[in-house]
Amino acid sequence: MKQVNNKIALITGGASGIGETTARLLSREGAKIIITDLDVIKGERISKEIGYDTLFLEHDVSSENGWVKVIKSIEERFGKLDILVNNAGMSKPGSIETADFNLWKKTMSVNADSVFLGCKYGIELMKKSENASIINIASTLGISTSAIQTCYGASKSAVINLTKSIAIYCGEKRNNIRCNAILPGAIRTPMFESYLNMSEDLEMAEKEFASAHPIGRVGEPLEIANAILFLASDEASFITGAALPVDGGLTAA
């Protein structure tokens, strides 16, 4: 039996990295997929490759009006929403002195405002599901940050706290919606590659990232996607309000 058979799943930032891998995995496990992203060319290509009634929508996740339009399109096409994966995000380094206010506002808007808006407008449609699941992609840097992640770390802390608040609310309302967060460590994605490319020695830079994880390596997008699949499935029906590290032991060290 496929784990999310006939469920309707929305994945933001689905044109690359964790989002793309998650879209492909959930489709293989029986879900009908809605991918949203600003990258129209990649988004449409991936949507066609997945097939099986997959829908791509161009989407600025930091726009309230954009969320209203996306949820309306899903309601008109599918009538309900079972799975919401708030995955879209951005990361640029900066300390409290080097990060300017525009970077702070942009990071908070893309990483935190988007999750607030996605949950706010998604919940009404998710009430039509018998067992709905919201999965917010946070980060280990949301609980243990660094000097150069002033903006990113704060935005992901907001995601973790917001996730718990939504989980409590939905539980008290008995609306059959669970809400959890996943905290990835360093994962081999375009975002991770952008950090490697800041170094003159890419091999040494990757070794440094890997050594921070007790398991001795960086993670792969599929390892995050597998965790998303579990939390999206009915097998996780008693799990809500969790902030699950998928980080090779990084936060345990």
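This is a predicted model: local features need pLDDT of at least 70, side-chain atom pairs count only at pLDDT 80 or more; totals for chains, interfaces and linings use all residues.
Let me begin with cysteine 179, which counts as buried because its relative accessibility is 0%, where buried means under 20% relative accessible area, exposed means over 50%, and partly exposed lies in between, all with a 1.4 Å probe and protein chains only. Residues are numbered from 1 along each chain as its sequence is written, and side-chain values use heavy atoms, with hydrogens and water left out.

Staying with the cysteines, cysteine 151 also counts as buried, at 3% relative accessibility. How many disulfides are there? If a disulfide is taken as a pair of cysteine sulfur atoms within 2.5 Å, the count comes to zero. Cysteine 179 is in no disulfide, and the nearest cysteine sulfur to it, which belongs to cysteine 119, is 4.9 Å away.

Now to the chain as a whole. The protein chain has eight helices and seven strands, these being DSSP runs numbered from the N terminus, with helices of type H or I and at least four residues, and strands of type E and at least two. Along the principal axes, the C-alpha atoms fill a box of roughly 50 × 35 × 35 Å. Of the 253 residues, 50% count as buried. The accessible surface comes to about 12,000 Å², of which 53% belongs to carbon and sulfur atoms, the areas coming from the Shrake-Rupley method with a 1.4 Å probe and, for residues, with only the protein chains shown counting as cover. If we take contact to mean heavy atoms within 4.5 Å, then among contacts between residues at least 6 apart in sequence, 70% join residues at least 24 apart.

Helix α8 has 12 residues and reaches 16 Å from its first C-alpha to its last, close to the 16 Å expected at 1.5 Å a residue, where the expected span is 1.5 Å times one less than the number of residues. Which residues of α8 are buried? They are Pro221, Ile224, Ala225, Ala227, Ile228, Leu229, Leu231 and Ala232, and what covers the buried residues of α8 includes helix α1 (17-28) together with β4 (83-86), β5, β6 and β7 (243-246).

Next come the charged pairs.

In one of them, glutamate 75 pairs with lysine 128, the closest N and O atoms being 3.0 Å apart. Glutamate 75 lies in helix α3 (residues 64-78) and lysine 128 in the loop between α4 (101-126) and β5 (132-137), so this pair ties together parts that are 53 residues apart in sequence. Glutamate 75 is partly exposed at 37% relative accessibility, and lysine 128 is partly exposed at 48%.

A further salt bridge joins arginine 188 to glutamate 220, with the closest N and O atoms 3.2 Å apart. Because arginine 188 sits in the loop between β6 (177-184) and α6 (190-196), and glutamate 220 in the loop between α7 (202-211) and α8 (221-232), the pair ties together parts that are 32 residues apart in sequence. Here arginine 188 is partly exposed, with a relative accessible area of 30%, and glutamate 220 is partly exposed at 33%.

Glutamate 223 forms a salt bridge with arginine 217, at 2.7 Å between the closest N and O atoms. Salt bridges that share partners also join Glu20, Arg24, Arg45 and Glu49 into one network.

Finally, a word on the backbone. Asparagine 6, in the segment before β1 (8-12), has a phi near 65 degrees, a positive value in a residue other than glycine, and asparagine 6 is partly exposed at 48% relative accessible area. Arginine 174, in the loop between α5 (150-173) and β6, is likewise not a glycine and has a positive phi of about 55 degrees; at 67% relative accessibility, arginine 174 counts as exposed.

Notes: A salt bridge is a side-chain nitrogen of Lys or Arg within 4 Å of a carboxyl oxygen of Asp or Glu.
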